Amino acid sequence: MWMYFYLVLFLLDGVAFSWGDSFSLAGTGAHGWVDCVTASDMCNQNPQCSSRYRVMRQCLVGRERDTMLANRECQAALEVLLVSPLYDCRCKRGMKKELQCLQSYWSIHMGLTEGGEFYETSPYEPVMPVRHPDALRLASIISGMHTVAPKANTCSDPGKTCNPCLDAAKACNLNNTCKKQRSAYIATCNKGNPCNRKRCHKALRQFLDRVPTDYSHQLLFCPCQDLGCAERRRQTIVPFCSFEDKVKPNCLELRKTCRQDPLCRSRLADFHMNCMVTQHTASSCPNEENYRACLASYAGLIGTDMTPNYIDGSYSNWTVSPWCTCKGSGNQEEECESFLGDFTENMCLRNAIQAFGYATDSLFSKPEPVPTSLSIKPELETTGSTSEPLSNHTDQSNAVTRWKGNGPKCNLSKGYICGDENLRPSSGFDGRTRPKSPLGDGSPCVFASVWALVLSLTSALASRAL
Amino acid sequence: GGESTEENDNAGVESSGFVDQLDIMSPQIPTRSRRSSNECGLRSVLLRVRDLDLGYDADETILFKYCGGECPRVLSNHDLTVGNLMVRGALPDLGASGGWQSGPCCRPTHHEDLAFLDNAHHWHKVEKLSAAGCTCVG
């Protein structure tokens, strides 16, 4: 089969010139490729190509690929298409008809590859080495990271609490586009019980498409020095809706599902291409000049079936992974582990994320004047038993909503008031009292306020019973 | 008075360097649009969510926008008449302080929602928190 394939290619090399006249390559531009939507249009305008394309599309619909290719007509159609611009077409990231382009690409390439390959070629345009203005060369970052002892606190002022993920949220909130898109996906992913995963995914993809990577990558890849920061980072994509699920499928099954969707398939192929662990480079990334390409393709997976996320709350030794497991792989366990390892043990991805963190730190290392009027923040953002002051606070406007917590369970034993998770706000903003925030002044929970509330509640209940 | 939209104001605000993500400004000092000194317009102040006094234990910093400034006092015949009648005491249900606004006032035209993660890592959404445009109404 493959011998035939190569022979065909060899023979048709010479035939390639004849197509040059029939197709106007006006759309190629400097890079020499057309996008698949344009290529389809060009093919449809050419009578020879369009008939073959139609034949091939019919060949691929539904039937077994191997039996299809045994059909001589289908093979002939395939031969013809191999030399058309359709073969070399690619898709531009974020282009207008991206999904259509990707569908075209896979309809052609489905006929060409065996299918079930470990790595597939990415339909996206190859990333050019970009001289980013303030990005250091990855190799020097990596060597710096390994030779010099890591700073204990990578933030500028060792005395102050440092939370790069909070800084990233601030940066996003101060940019109109980022703020709007962020509020939009957060709202979508928190709506309903259970939430609508599909809509959440769509909203996430929209966020990542429309917001400049300076902001979105800062939110996704902020470097963390403590648990609070790491938990915030983990929460970025609203994982209880977009990531976690009741069932953890087998990774190879998940890959199969992903490959049935042209978008997920493309993004997965792109991730494999840009984050492929390479032997001869210092960073282990294939493209040293542009490690951000790996980050961008990783981010491209978010909002697809293969959405990856940080899977633990660890800040120093974090791991990213899609929501899948290698249990029940049978005799494909090695393949499964290898696939999963491309996420969990990928040196290129790890180095790229760490390098991004270093670059971010240099951006934020400007000393910040601390306004004296601000109350002092608690030293560490603990993920433990913090309470929600809303419970002892008569409520405000109709629209203040609180979602079911997805964080750690509130620990009543420490005397904290745990927020009422089914809090339904009443109308009107009258008679608000300033809440006693247990952490507000840096002191632990105020027992007196707890007892006062308990007493008032019991007296209210007693008076009702009477 | 004119309607100042958020786009216009951000242009003015951003070019003054206010929305530079690397600066923290004191939350007490609001900014003004660069147009004229006290015209009705969108203003903003940099604050942490906890400082909004809504009861959240959240340290995310946001740009809270509000409407402020003076509206040109174009009094209609109605305004003039109500004023006259009040002076004469002919409108007893409008007390001494009035409960009555003479002239237009600077109010938001539409609002924006905000979503954030609090310190316990729970997501929240506050609808219609910030103003997104101002106009003189009435």
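Analyst: A residue counts as buried here when its relative accessible area is under 20%, as exposed when that area is over 50%, and as partly exposed in between. The model discussed below is a predicted one.

User: What is the relative accessible area of Glu60(B), and is that residue buried or exposed?
Analyst: Glu60(B) lies in the loop between E2 and E3 of chain B. Because buried means under 20% relative accessible area, the value to compare with that cut-off is 0%, and Glu60(B) is therefore buried.

User: How many salt bridges does a search of the whole structure find?
Analyst: Side chains of opposite charge can pair when their charged atoms come close. One bridge is between Arg265(A) and Glu120(A), at 2.8 Å from N to O, and another is between Arg234(A) and Glu231(A), whose closest N and O atoms are 3.1 Å apart. Bridges that share partners also join Arg48(B), Arg50(B), Asp51(B), Asp57(B) and Asp59(B) into one network. Over all chains, the number of salt bridges is 16.

User: How many residues apart in sequence are the parts that Arg265(A) and Glu120(A) tie together?
Analyst: Arg265(A) counts as buried at 9% relative accessibility, and Glu120(A) is likewise buried, with a relative accessible area of 9%. Arg265(A) lies in helix H16 of chain A, whereas Glu120(A) lies in the loop between helix H7 (98–109) and helix H8 (138–147), so the distance in sequence that the pair spans is 145 residues.

User: Over the ring of which residue does the charged end of Arg265(A) sit?
Analyst: Arg265(A) also has a salt bridge with Glu120(A). Its charged end is 4.0 Å from the centre of a ring, and that ring belongs to Trp106(A).

User: Which helix holds both Arg234(A) and Glu231(A)?
Analyst: Both of these residues are buried. They are 3 residues apart, about one turn of the helix, and the element that holds them is helix H13 of chain A.

User: Which side chain of opposite charge is nearest to Asp79(B)?
Analyst: Asp79(B) lies in helix H2 (residues 77–88) of chain B. Leaving aside neighbours within four places in sequence, Asp79(B) is in contact with Val74(B), Trp100(B) and Gly103(B). Although Asp79(B) is buried, it has no salt bridge, and at 7.5 Å the nearest side chain of opposite charge is Arg73(B).

User: With which residue does Phe243(A) form an aromatic pair?
Analyst: The structure holds 13 aromatic pairs over all chains. Phe243(A) is buried, with a relative accessible area of 3%. Its partner is in the loop between strand E2 (320–322) and helix H18 (333–344) of chain A, so the pair ties together parts that are 80 residues apart in sequence. The pair is edge-to-face, at 5.3 Å centre to centre and 70 degrees between the planes, and the partner is Trp323(A).

User: How many degrees lie between the planes of Phe64(B) and Tyr66(B)?
Analyst: At 26% relative accessibility, Tyr66(B) counts as partly exposed. The two rings are 6.4 Å apart, centre to centre, and form a stacked pair, with the angle between the planes being 15 degrees.

Terms used: Residues numbered from 1 in each chain as written. Chains lettered and ligands numbered in written order. Heavy atoms only, no water. Phe/Tyr/Trp six-rings, centres within 6.5 Å; stacked < 30°, edge-to-face > 60°. Helix = DSSP H or I, 4+ residues; strand = E, 2+ residues; numbered from the N terminus. Buried < 20%, exposed > 50% of the residue type's maximum accessible area, 1.4 Å probe, protein only. Lys NZ or Arg CZ within 6 Å of the ring centre and 35° of its normal. Lys, Arg positive; Asp, Glu negative; His and termini not counted. Salt bridge = Lys/Arg side-chain N within 4 Å of Asp/Glu carboxyl O. Contact = heavy atoms within 4.5 Å.
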